[in-house]
Amino acid sequence: MVEISREDSRFIDGYEVADKLDESVNLAAIDWQDFENLIREIFAEEFNSIGGEVKITQASRDGGVDGIAFDPDPIRGGKIVIQAKRYTNVVGVSAVRDLYGTIINEGATKGILVTTSNYGNDAYKFAKGKPITLMNGANLLFLLEKHGHKAKIDLKEAKELNNQNNS
């Protein structure tokens with residue numbers, strides 16, 4: 001039996017975001033800290049039902065980790081690294097490679113990369129056969145709905161908002 005340490009100086013207190021969501025909220029355009037907290041919150045709802053726990057990490061010097069889930073299942077469980085990418089473009093293979101390095105560096109059993117957009121073929125190819133789950137925007141909306149929350153992902157609208165804010 002492997003004992004997983006749940007102590008980590010990078011852990012911070014999260015805040016609730018999911019209850020403020022409705023069909024009008026574009027996840028691809030919300031504040032990045034709100035997005036990371038939402039991911040922690042929704043994964044907490046998912047893992048709490050099986051006796052697990054999810055922690056969020058500080059924004060800087062987090063070692064490529066946005067959250068860590070502790071799954072007590074003796075077969076599938078362990079330490080799971082969660083990385084959140086609030087992107088409007090396709091996530092490339094480099095982000096998946098980075099996650100894989102983080103999984104190894106953290107001594108985690110698995111990694112989950114969550115994005116508001118989608119992944120390129122090279123990203124899926126790299127992840128194949130590795131302990132990596134790639135969750136795209138549709139998967140994220142499904143997980144939110146599973147736990148009673150609604151939102152939308154409109155990449156075009158988010159890109160337009162980003163362009164307005166950058167000009």
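Modeller: A cavity is a set of grid points where a 1.4 Å probe fits but cannot get out, whereas a pocket is an open set. The model we are reading here is predicted.

Colleague: What is the general idea behind looking for such spaces, and how many cavities of 30 Å³ or more does the structure hold?

Modeller: Rolling a probe the size of a water molecule over the atoms shows where empty space is left. In this structure there is one cavity of 30 Å³ or more, and the largest cavity contains about 40 Å³ of space.

Colleague: Which residues line the largest cavity, and which element gives the most to that lining?

Modeller: Around the largest cavity stand Glu-36, Ile-39, Arg-40, Val-54, Asp-66, Gly-67, Ile-82 and Ala-84. The helix α1 gives the most, with three residues, and both α1 and β4 (78-85) supply at least two residues each. Sorted by class, the lining of the largest cavity has four nonpolar residues, one polar residue and three charged residues.

Colleague: Turning to the open spaces, how much space lies in the second largest pocket, and which elements each supply at least two residues of its lining?

Modeller: The second largest pocket holds about 180 Å³ of space, and at least two lining residues come from each of α1 (32-48), β5 (110-115) and β6 (132-135). The largest share, three residues, again belongs to α1.

Colleague: What classes of residue make up the lining of the second largest pocket?

Modeller: That lining divides into six nonpolar, one polar and three charged residues, and the residues concerned include Phe-43, Phe-47, Asp-71, Lys-110, Thr-133 and Met-135.

Definitions and conventions: Residues are numbered from 1 along each chain as its sequence is written. This is a predicted model: local features need pLDDT of at least 70, side-chain atom pairs count only at pLDDT 80 or more; totals for chains, interfaces and linings use all residues. Side-chain values use heavy atoms; hydrogens and water are left out. On a 1 Å grid over the protein atoms alone, a cavity is a set of points where a 1.4 Å probe fits but cannot get out, and a pocket is an open set with protein on both sides within 12 Å along at least five of seven lines; lining residues have an atom within 4 Å of a point. Grid points are joined across faces, edges and corners, and a volume is the space filled by probe spheres set on the points. Helices (H or I, at least four residues) and strands (E, at least two) are DSSP runs, numbered from the N terminus. Ala, Val, Leu, Ile, Met, Phe, Trp, Tyr, Cys and Pro count as nonpolar, Asp, Glu, Lys and Arg as charged, and the others, Gly among them, as polar.
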